[in-house]
Amino acid sequence: MSQARTMENLEVFVDTVRAGSFSAVARRRGVAVSSVARQIDALEEELKASLFTRSTRALRPTDAGKLLFSRAVKILSDLADARSEVVSFEAAVEGVLRVSCLPTFGRRYVVPCLAQMFHTHPGLSVELDLTERIADPTTERLDLAIRFAQPSRQHAHQHQADRPNLRGVCGPGLPGAPRCSPFAG
């Protein structure tokens, strides 16, 4: 199997683990359920391992599937980051900006800014995770996490945002992090 086909199958696999069903992935990708199932079958055949336990009620990753999922997420994310970094040499702002924030804050402040941002930077897309749970920017590969709380990691960086009681926090490896002061707890 070609590496390109393997990468595509890995993307479908990761989507399937996250969605928990072939049909959800098929709907999202605009393909037949059988197409998604064939890609998973091809990946299982290539790896000589069963990646899912299938039943009429559930689709759960096996131990091999869990291992592959954790590695595949990192591989695909690293590949997307590498592509974004290489493309950024051409001076246009392109790629995916991964943002997590509270639902009410996102709807009130973030979403209204998106139209202008997309107009200014047509090559940019945003993955906006509106959630109440505190997201970990490092493990979830977020570029920006907006929260109204103390950061959970001691090595995170922060800077004061709009008002004295708001602070922006970013991981130390992100661009601009050295300009932030380390979080002192």
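Is Y109 buried, exposed or partly exposed? At 40% relative accessibility, Y109 falls in the partly exposed class. Keep in mind that this is a predicted model.

**Helix 3**

- Helix 3 covers residues 33-47, so to speak a 15-residue run, and spans 21 Å from its first C-alpha to its last, close to the 21 Å expected at 1.5 Å a residue.
- Buried positions in this helix are S35, V36, A37, Q39, I40, L43 and E44.
- Just past the end of helix 3 sits K48, which takes a positive phi of about 55 degrees.

**Nonpolar cores**

- The largest nonpolar core is made of 18 residues, and F13 and F52 have the most contacts inside it.
- Helix 1 (3-19), helix 2 (22-29), helix 3 and helix 4 (63-88) are the elements that each give two or more residues to this core.
- Helix 1 supplies the largest share, with 5 residues.
- Once neighbours within four places in sequence are set aside, F13 is in contact with I40, L43, L51, F52, G65, L68 and F69.
- Two of those partners, I40 and L43, also turn up among the buried residues of helix 3.
- Apart from this core lies another one, of 6 residues, including V99, L114, V126 and I146.

**Aromatic pairs**

- The structure holds 3 aromatic pairs.
- One of them is F22 with F52: the ring centres are 6.2 Å apart and the planes sit at 85 degrees, so this pair counts as edge-to-face.
- F22 belongs to helix 2 and F52 to strand 1 (residues 52-54), so the pair ties together parts that are 30 residues apart in sequence.
- F22 is buried at a relative accessible area of 15%, and F52 is buried too, at 3%.
- F105 and Y109 make a tilted pair, because their ring centres are 4.9 Å apart and their planes are at 40 degrees.
- Those two residues are 4 apart in helix 5 (residues 103-120), which separates them by about one helical turn.

**Salt bridges**

- The structure holds 11 salt bridges.
- R54 and E44 meet through their side chains in one of them, at 3.2 Å from N to O.
- R54 is partly exposed, with a relative accessible area of 38%, whereas E44 is buried at 12% relative accessibility.
- The side chains of R141 and D81 form another salt bridge, at 2.0 Å from N to O.
- R141 lies in the loop between strand 4 (124-130) and strand 5 (144-146) while D81 lies in helix 4, so the pair ties together parts that are 60 residues apart in sequence.
- R141 counts as partly exposed, at 30% relative accessibility.
- D143 and R98 also meet in a salt bridge, at 4.0 Å from N to O.
- Here D143 is in the loop between strand 4 and strand 5 and R98 is in strand 3 (residues 95-101), and the two are 45 residues apart.
- D143 is partly exposed, with a relative accessible area of 29%, but R98 is buried, at 13%.
- Through shared partners, salt bridges join K74, D78, D81, R98, E127, R141 and D143 into one network.

**D15 and its partners**

- D15 lies in helix 1 and counts as buried, at 18% relative accessibility.
- The side chain of D15 makes a polar contact with the side chain of R29, at 2.9 Å.
- With neighbours within four places in sequence left aside, D15 is in contact with V25, R28 and R29.

Technical notes:
Residues numbered from 1 in each chain as written. Predicted model: local features only at pLDDT ≥ 70, side-chain atom pairs only at ≥ 80, totals over all residues. Heavy atoms only, no water. Expected span 1.5 Å × (residues − 1). Buried < 20%, exposed > 50% of the residue type's maximum accessible area, 1.4 Å probe, protein only. Core = buried A, V, L, I, M, F, W, Y, C linked by side-chain atoms within 4.5 Å. Contact = heavy atoms within 4.5 Å. Phe/Tyr/Trp six-rings, centres within 6.5 Å; stacked < 30°, edge-to-face > 60°. Polar contact = N/O pair within 3.5 Å; in protein donor to acceptor, adjacent residues only side chain to side chain.
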